[in-house]
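Here is a quick tour of one structure, written to be read with the model open beside it.

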Amino acid sequence: MKAEGEKITVLTAYDYPFARLMDDAGIDMILVGDSVGSVVSGYDNTLPVTMDEMIYHTRAVVRGTAGALVLADLPFLSYQVDLTEARRNAGRLVKEGGAQAVKLEGGENVAETIRSIVAMDIPVVGHIGLTPQSIHRMGGYRVQGKKEEQARQLIEDARAVQDAGAFALVLEGIPAGLAKEITAELDIPTIGIGAGIDCDGQVLVIHDILGLCEKYSPKFVKQYADISGTISQGISDYIREVKDGVFPDEDHSFK
Ligand code: KIV
């Protein structure tokens, strides 16, 4: 798709119904992101998400997917300690979760880990720039690569991830010009989130584009629907009808 200039579409999903809807709509790839911790579990960040939680959500997404490639995140502390743990946990996402590929955060510092997982025939996607698992080092969710030295390091990181055998690279929260340069430099496709128009594909969090997440909305999110309003209306109508003795009526009762 990169060679043919066809943009790659990616959205996150964490359950069966959303996976089915986006798969039916023709999405290319579904990411079972560790963002599940923020948008579904209500944590302040992605750090508490466990392997068992990722496997549970990945299984649900896989059951709702027929055509899209399902990619699952390796959560914090599942691949940083040593290669044996990293390989076992990548394998669990494939064996127990049913994922077709795994994603992990980092550049040169995780190149050996990527190489080791790829050697098990598990396809890997890299993720550099604003990497949410490094929130405490970054001092918050801040755009990365604005300074020249940082930008140079990100280019090195992108090369290292590609050389280690990753088949795609997520670029998150970096200046559009830098993302363009990295995309031109690499043979593998880049998938941008807050990284401008020149990436080979785009990914967004499903709860953000549907207006389901009111806690925090970054500048790069475009809201395509307001599902919160529809859900709140439906719930209010139900509560009112039960309180008023209107529901259940004859049509919704057995004779
Ligand atoms: O966890 C996630 O949803 C992600 C995307 C934001 C790229 O990693």
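This is a predicted model: local features need pLDDT of at least 70, side-chain atom pairs count only at pLDDT 80 or more; totals for chains, interfaces and linings use all residues.

Residue numbers start from 1 along each chain as its sequence is written.

## Around the ligand

Let's start with the ligand. The residues around it are Thr12, Leu31, Gly33, Asp34, Ser35, Asp73, Lys103, His127, Glu172, Ile193 and Val205. Ser35 has a polar side-chain atom 2.5 Å from a ligand oxygen. For Lys103, a polar side-chain atom sits 2.8 Å from an oxygen atom of the ligand. In the side chain of Asp34, an N or O atom is 3.0 Å from a ligand oxygen. How much of the ligand does the protein bury? Taken alone, the ligand exposes 260 Å², and the protein buries 96% of that.

## The nonpolar core

The largest nonpolar core has 69 residues, and Leu74, Ile117, Leu171 and Ile182 are the ones with the most contacts inside it. Helix α7 (residues 148–163) gives this core its largest share, six residues.

Setting aside neighbours within four places in sequence, Leu74 is in contact with Asp34, Met51, Tyr79, Asn89, Ala90, Leu93, Val102, Lys103, Leu104, Ile117 and Gln133. Two names on that list, Asp34 and Lys103, also turn up among the residues around the ligand. Ile117 is on the list too, and it is one of the residues with the most contacts inside the core.

Which residues of α5 are buried? They are Ala111, Thr113, Ile114, Ser116 and Ile117. The cover over them includes α4, β4 (101–103), β5 and α7. Ala111, found in helix α5, counts as buried because its relative accessibility is 11%, and buried means under 20%. Not counting residues up to four places away in sequence, Ala111 touches Ala160 and Ala164. Ala111 and Ala151, on the other hand, are 40 residues apart in sequence and 18 Å apart in space, C-alpha to C-alpha.

Over in helix α8 (residues 176–185), the buried residues are Leu178, Ala179, Ile182 and Thr183. They cover an arc of only 135° around the axis, so they sit on the same side of α8. What covers the buried residues of α8 includes α7, β6 (168–172) and β7 (190–193).

## Ser228 in α10

Ser228 lies in helix α10. Is Ser228 buried or exposed? Ser228 is buried, with a relative accessible area of 13%. Its side chain reaches the backbone oxygen of Gly211 at 2.6 Å. Leaving aside neighbours within four places in sequence, Ser228 is in contact with Leu210, Gly211, Leu212 and Glu214.

Leu77 has a positive phi of about 75° although it is not a glycine. You'll find Leu77 in the loop between β3 (69–73) and α4 (83–95), and Leu77 is exposed, with a relative accessible area of 52%. Asp121 also has a positive phi, near 70°, in a residue other than glycine. Asp121 lies in the loop between α5 (111–118) and β5 (124–129). With a relative accessible area of 70%, Asp121 is exposed.

There's a cis peptide bond as well: the one from Phe247 to Pro248, with omega near 0°. Pro248 is in the segment after α10 (227–243).

One more loop to check is the stretch between α2 (36–39) and α3 (51–63), where Ser41 lies. Ser41 counts as partly exposed, at 36% relative accessibility. Ser41 and Ala166 are 125 residues apart in sequence and 29 Å apart in space, C-alpha to C-alpha.

Key: Side-chain values use heavy atoms; hydrogens and water are left out. Helices (H or I, at least four residues) and strands (E, at least two) are DSSP runs, numbered from the N terminus. Buried means under 20% relative accessible area, exposed over 50%, partly exposed in between (1.4 Å probe, protein chains only). A nonpolar core is a set of buried Ala, Val, Leu, Ile, Met, Phe, Trp, Tyr and Cys residues joined through side-chain atoms within 4.5 Å. Contact means heavy atoms within 4.5 Å. A residue is near a molecule or strand if one of its heavy atoms lies within 4 Å of it. A polar contact is a pair of N or O atoms within 3.5 Å; within protein, one must be able to donate a hydrogen and the other to accept it, and residues adjacent in sequence count only if both atoms are side-chain atoms. Accessible areas come from the Shrake-Rupley method with a 1.4 Å probe; for residues, only the protein chains shown count as cover. The arc is that of the directions from the helix axis to the C-beta atoms.
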